[in-house]
Each structure stands twice: as structure tokens, then as C-alpha cells.
Amino acid sequence: MGPSADFAKTPMLVYWETTRACALSCRHCRASAMPSAHPQELTFKEGKRLLDQIAAFGDPMPHLVLTGGDPLQRHRLFELIAYGVRLGMKVSITPAATPRLTREVLAELKDAGIDSIALSLDGSSAASHDAIRQVPDCFERTIQAAKWAGEVGLPLQINTLVAEETEGDLAAIFALLHQFPLMRWSLFFLIAIGRGAQLNQMQPDDGEKLMRWIHQLAKRAPFQIKTTEAPSYRRVAREEMIAAGITPDQMRDTSVHCGHGIRDGNGVVFISHLGEVYPSGFLPLCAGNVQLQSLAEIYRESAVFRNVRDVNHFEGKRGVCEYR
């Protein structure tokens, strides 16, 4: 695995929004994706330069996640994947479930060196899923792509939106996932930015109950379950483990404990289609641009990143919270 990372110096995950072009029009889209690419998105040459900057972090090499929009609409995508793999990094991808996502394309992604693939499933039926994606047949394409991923040997993650609109369907989605050779189910708690402002975040009490359900579910699921943009899950899981008599030493061996300290700007960095650098795609605080500064310099030295890593600067309730 190599040396352990100092998240103030090296991120664990780098998300690159390769393009904002996408054929879908999802109601919760952080990127407010568009049908065609932005004319000023990073060129192929600039994209390769970004990959060089990621590799410059050194060992342990960050894991690169290609996202969008739909990365399958990115110009010369497979050349960029091959270049990143040659530099020694693991590369994952989050394609949209459109007619572009064929079995042949998934096989090509596998051959190009893609480490894993993530698909989004926000409903247990075509009616519920397609209502979020706002494009007919998206549900069937997602189910088929998940099966194809298993056939070609691509490790699969399913991402699911957690919001008031999807809360009642989560148990049925969990049941549906058992038909796939799934590596991980990632539950994305809604952040109301981009088109996501159209939807409703869960009420605190309901979110608390759901997190306790997730923690219990993770004990018996045949695949990993994780939460995204839900830092309070760590507090809930800790309380559940204490109630179950798990000792602090035993907690240190859990995935929940391993997730402590890894969050936006502190283990995670996001690069937009224009080269702008953010602590994450859900925290719109621009810290610089990779066309003007190196990614490592922005990540390590910018005021934005230094401040989000320094809990002693937290104010209000965050500043006095015992879980800060």
C-alpha cells in the first residue's frame, strides 16, 4: 500500500470534472451539466499537464476519479486514462447511463486500466429513478450497465442520492442491489447546490434515524456501505458502537474510524472542467487554478485549504463541538 498519507500534504482522492457535457438533466446535478462542452474546458494538453501535477504528489499516489458531466463525452478520454495509468495512478470513472455506455465501452475502459466504475441509481423502479434523472429509459440503462460491468470484470460502485424525495425508496434500492457483483454502495446526502437546490435535504431527526439504519445495515450487507457528504454519520456510528460495547481499540479497526479526518480539502480535492480547484465539488470555495499554479501548491498552501483543515479556526457551534 505504500506509506501512510499526510492529508495536509497529499490528498487521497482527486476528483476531476473532465467536462460538463452530459445528455442527462438530473434534478440534483451539482454541476448543472449542459448538452455540450464548455468552450474553455481544459484541452487535451492541459489535461495531461493536470495528470502530471497529480502524479507529482508522489507516494502515496492519489486515486483519480474522472467525473462530469459525463466523462464519456470528454475529448480523447481513453488517451487521458492511459496516460494517468502510465504515471502510476489508479483511475476510476463515473459515466452517465446514456446510449454511449455500451458493453463494448465498458470493456474498453477495463482494457485501458480503469480501476473501478461508479453508476448512479436513485430509485428502485424506472418511475422513481427516471423522475430524478429526467430522461426516459435511464433506469434500464443503469441496470444493464451494472450487469455488463460484472461481465467485463470492472469493480462496481453504486451511488444513491439521499434526500426527502428518495428516503422512502432506499430499502427497496438496497434489495435491488443484491443482483449485482457490487463492491460498494455509496449514499450521497444531498447538498443543495447546482440543480440540487430543487430538491429537499432530509430533516435532522429523519437523517439521524436513517444514519442509524445505515449503520445496522452495513453489518449484514454483502458489500461495503459508505456515506458521502454526511460527516455526522461518524458521530452516529461511534455512538452505536459504544452502545454495543465496542472498545476504543476495537473502533480503530473499523472503516468509520479510518474515515476520521478525511473530508473536503483534507484528503479530497476537486478540479473543475476549467481547472479551478476546490476542497470538493460540493464546497464552492475556489482556491486557485491549475493553469496558473501547481495543484500541490494550491492544495498545501492556499488559505482556503489551510483553513478547512484547521479545526481551531472553526467558529460558532462547530468551534465548541466535541466531534469537531
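Begin by selecting helix α5, residues 138-152, in this predicted model. Helix α5 has 15 residues and reaches 21 Å from its first C-alpha to its last, close to the 21 Å expected at 1.5 Å a residue. Now colour the buried residues of α5: they are C138, F139, T142, I143, A145, A146, A149 and V152. C138 counts as buried because its relative accessible area is 1%, under the 20% limit. Show the surroundings as well, and the buried residues of α5 will be seen to pack against α3 (103-112), β4, α4 (126-133), β5 (156-162) and α6 (170-176). Following α5 is G153, whose phi is positive, near 85 degrees.

Next, select A127, which is found in helix α4. Is A127 buried or exposed? A127 counts as exposed, because its relative accessibility is 61% and the limit is over 50%.

S116 has a relative accessible area of 10%, so it is buried. With which side chain does the side chain of S116 make a polar contact? The partner is the side chain of S92, at 2.7 Å. Leaving aside neighbours within four places in sequence, S116 is in contact with V91, S92, I93, P155 and M183.

The next stop is the pairing of strands. Select β1 (residues 13-17) together with β2 (residues 63-67); these two strands pair in the parallel sense over five bridges. Within this pairing, V14 has L64 in β2 as its bridge partner.

Now display the largest nonpolar core, which has 75 residues. Which of its residues touch the most other members? They are W16, L64, L177, W185, I225 and L295. Helix α5 contributes the largest share of this core, six residues. In soluble globular proteins, nonpolar side chains tend to be buried together. Centre the view on L295: not counting residues up to four places away in sequence, L295 touches L50, Q53, I54, F57, V269, I271, V277 and V290. Another core, of eight residues, lies apart from the largest one; among its members are L24, C26, A97 and V135.

Move on to helix α8, residues 232-243. At 1.5 Å a residue, the twelve residues of α8 should span 16 Å, and the end C-alpha atoms are 17 Å apart, which agrees. The buried residues of α8 are Y233, R235, V236, A237, E240 and M241. These buried residues pack against α7 (204-218), β7 (224-228), α9 (248-251) and α10 (255-258). Just after α8, select G245, which takes a positive phi of about 85 degrees.

Finally, select the cysteines. How many disulfides are there? The count comes to zero. Among the cysteines, C22 is worth a separate selection: its relative accessibility is 9%, so C22 counts as buried.

Technical notes: Residues are numbered from 1 along each chain as its sequence is written. This is a predicted model: local features need pLDDT of at least 70, side-chain atom pairs count only at pLDDT 80 or more; totals for chains, interfaces and linings use all residues. Side-chain values use heavy atoms; hydrogens and water are left out. A nonpolar core is a set of buried Ala, Val, Leu, Ile, Met, Phe, Trp, Tyr and Cys residues joined through side-chain atoms within 4.5 Å. Buried means under 20% relative accessible area, exposed over 50%, partly exposed in between (1.4 Å probe, protein chains only). Helices (H or I, at least four residues) and strands (E, at least two) are DSSP runs, numbered from the N terminus. Contact means heavy atoms within 4.5 Å. Two strands pair if DSSP finds at least two bridges between them. A disulfide is a pair of cysteine sulfur atoms within 2.5 Å. A polar contact is a pair of N or O atoms within 3.5 Å; within protein, one must be able to donate a hydrogen and the other to accept it, and residues adjacent in sequence count only if both atoms are side-chain atoms. The expected span of a helix is 1.5 Å times one less than its number of residues.
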